[in-house]
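Dear colleague,

Please find the structure we discussed below. My notes on it follow directly after.

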Amino acid sequence: MKILITGANGMLAKAVINEFKDCELICTDVSEVTNNVENINTTSVNNFQAVSKLDITNLEDVEAFVSKTKPEYIINCAAYTAVDKAEDEEELARKVNSIGPKNLSIVASKQDATLIHISTDYVFGGAKSIDEAYVEDDEKNPTTVYGITKLEGEKEITKNCNKYYIFRTAWLFGDGKNFVRTMLKLGEEKEEVNVVSDQHGSPTYTVDLAKVIHDAIEKQIPYGIYHATNEGFTTWYEFTRKIFEMENIKCKVNPVTSEEFPSKAKRPKNSKLSKEKLLNEGIHIPTYEDALKRYLQNS
Ligand SMILES: NC(=O)c1ccc[n+]([C@@H]2O[C@H](COP(=O)([O-])OP(=O)(O)OC[C@H]3O[C@@H](n4cnc5c(N)ncnc54)[C@H](OP(=O)(O)O)[C@@H]3O)[C@@H](O)[C@H]2O)c1
C-alpha cells in the first residue's frame with residue numbers, strides 16, 4: 001500500500017506514520033513555500049525519517065507531486081491549527097484548511113486515490129444541550145475562524161471527490177505540544193491551577209486515532225464523514241484532575257468558567273461527538289482514561 005502523508009512533521013502525523021510503518025510511505029510537509037516543482041524531492045520512504053517539501057495550498061505542486069508518486073491513499077494531516085491566532089490570520093487559515101483540502105481532493109479524484117482528511121469538533125458551534133453528543137449530520141454552526149475554515153475544507157472534499165474519509169476528532173494529545181504536557185509542567189511548577197470546567201468533550205490520543213484510520217482502510221468501511229475521538233466525555237477540569245491523579249501530582253485544580261478564562265477564539269461548550277456511526281462499522285476506540293494511561297507510560 002502506497003500512502004502520501006501531508007503535514008508529516010505534525011503531532012497526529014507522527015502517530016499515523018508509526019501506525020503505517022510497514023507500508024510504502026511518502027512523507028511531506030511545508031517549511032517554506034516553494035513554487036518550483038523541479039525542487040520537489042520525491043523520496044519514498046519505508047520509515048519516518050525523510051520528509052519532502054510540499055505546500056498543499058499550491059495546486060500545481062500537489063498535482064505534480066501526486067502524479068509523479070502515485071499514492072493509493074493520501075492522509076492529510078496538514079492544517080492550520082493555531083485556534084486563537086487564526087482569528088487574526090483568517091486568510092492563511094483559509095488557505096491551509098480549505099484550499100489545501102480542495103487541492104488534495106481534486107488531485108486525489110484525478111489520480112483515483114482515496115483521500116483521508118482530519119476535521120474537528122469546532123465545525124459545530126457547541127450550543128447543543130450538554131446531555132447530547134453531536135452526530136455527523138447535525139447542523140453546523142462554527143463560531144471560530146478555525147472552525148469555519150475547517151468546515152469549508154470538509155465541503156470542498158465532499159464536492160470534489162467520491163473516495164474520501166473525513167474523521168472529525170477533538171482535544172488531541174500525542175507526540176507534540178498538547179494539553180497533557182502543558183498540565184504536567186504546570187502541575188510540577190505550581191501549587192494550584194485554574195482550569196475551565198464548562199467545556200465538555202473527549203481527549204483523544206493520536207495513537208488511537210491513527211489506529212481508527214488504519215481500521216477504516218483495512219475494513220473498507222463506506223466512504224463518508226465519521227466522528228473519531230476516544231470514548232467517554234469529560235471537561236478540561238476533570239481531565240486535569242485525572243492527569244494529576246495518575247501521575248500523583250499534588251497541585252490543586254480549581255474549576256473556572258470559560259468567561260473567567262477568556263481566549264480570543266470562543267471554544268464550544270459542547271464538543272461531545274457521538275461514535276455510533278464508527279461503532280456500527282465495527283470500529284471500537286478505547287476510553288480516554290485508558291488512552292491517557294498508555295500515553296503517560298510511553299512518554
Ligand atoms: N490538535 C488538536 O487538538 C486537534 C483537534 C481536532 C482536530 N484536529 C485536526 O487534526 C489534524 C492534525 O492536527 P495536529 O494537531 O497534528 O496538527 P499540527 O501538529 O499543527 O500539524 C500540522 C502540520 O501541518 C503543516 N502545515 C501547515 N501548513 C501547511 C501547508 N500549507 N502545506 C503542508 N503542510 C502544512 C504544519 O507545518 P508548520 O508547523 O511548519 O506550520 C504541521 O507540520 C488537523 O487537521 C487538525 O485540524 C486537531
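Are helix 1 and helix 6 parallel or oblique to each other? They are oblique, a word that covers the angles left over once those under 35 degrees (roughly parallel), over 145 (roughly antiparallel) and 65 to 115 (roughly perpendicular) are set aside. This is a predicted model, in which local features need pLDDT of at least 70 and side-chain atom pairs count only at pLDDT 80 or more, whereas totals for chains, interfaces and linings use all residues. Residues are numbered from 1 along each chain as its sequence is written.

Overall fold

The protein chain contains nine helices and 13 strands; these are DSSP runs numbered from the N terminus (helices H or I, at least four residues; strands E, at least two). Its C-alpha trace spans about 55 × 40 × 40 Å along the principal axes. The radius of gyration of the protein chain is 19 Å, which agrees with the value near 19 Å for a compact globule of 299 residues; the radius is taken over C-alpha atoms, and the globule rule is 2.2 Å times the number of residues to the power 0.38.

Helix packing

Two packed helices are described by the angle between their axes and the distance between the axes. Here the axes are lines fitted to C-alpha atoms over the stretch in contact, and angles run from 0 to 180 degrees between N-to-C directions.

Helix 1 and helix 6 (residues 206-219) pack at about 50°, with axes 8 Å apart. Helix 1 contributes Met11, Leu12, Ala15, Val16 and Glu19 to the contact, and the residues of helix 6 include Val207, Ala210 and His214 (contact: C-beta atoms, placed from the backbone, within 7 Å). By class, this contact has eight nonpolar, two polar and two charged residues (nonpolar: Ala, Val, Leu, Ile, Met, Phe, Trp, Tyr, Cys and Pro; charged: Asp, Glu, Lys and Arg; polar: the others, Gly among them).

Helix 5 (residues 179-189) and helix 7 pack at about 60°, with axes 10 Å apart, and their crossing is right-handed. Val180, Met183, Leu184 and Gly187 of helix 5 meet Thr240, Ile243, Phe244 and Glu247 of helix 7. Five of these residues are nonpolar, two polar and one charged.

The axes of helix 7 (residues 236-247) and helix 9 (residues 288-298) come within 11 Å and cross at roughly 45°, which makes helix 7 oblique to helix 9. The contact joins Lys242, Ile243, Met246 and Glu247 of helix 7 to Glu289, Leu292, Lys293 and Leu296 of helix 9. Its residues divide into four nonpolar, no polar and four charged.

Ligand shell

The ligand is surrounded by 27 residues, the closest being Gly7, Gly10, Leu12, Ala78 and Ala79 (near: C-beta atom, placed from the backbone, within 6 Å). Helix 1 (11-19), helix 3 (90-111) and strand 5 (114-120) each give two or more residues to this shell.

With kind regards

Notes:
Two residues are in contact if their C-beta atoms, placed from the backbone, lie within 7 Å. A crossing is left-handed if the near helix is turned anticlockwise from the far one by less than a right angle, and right-handed if clockwise.
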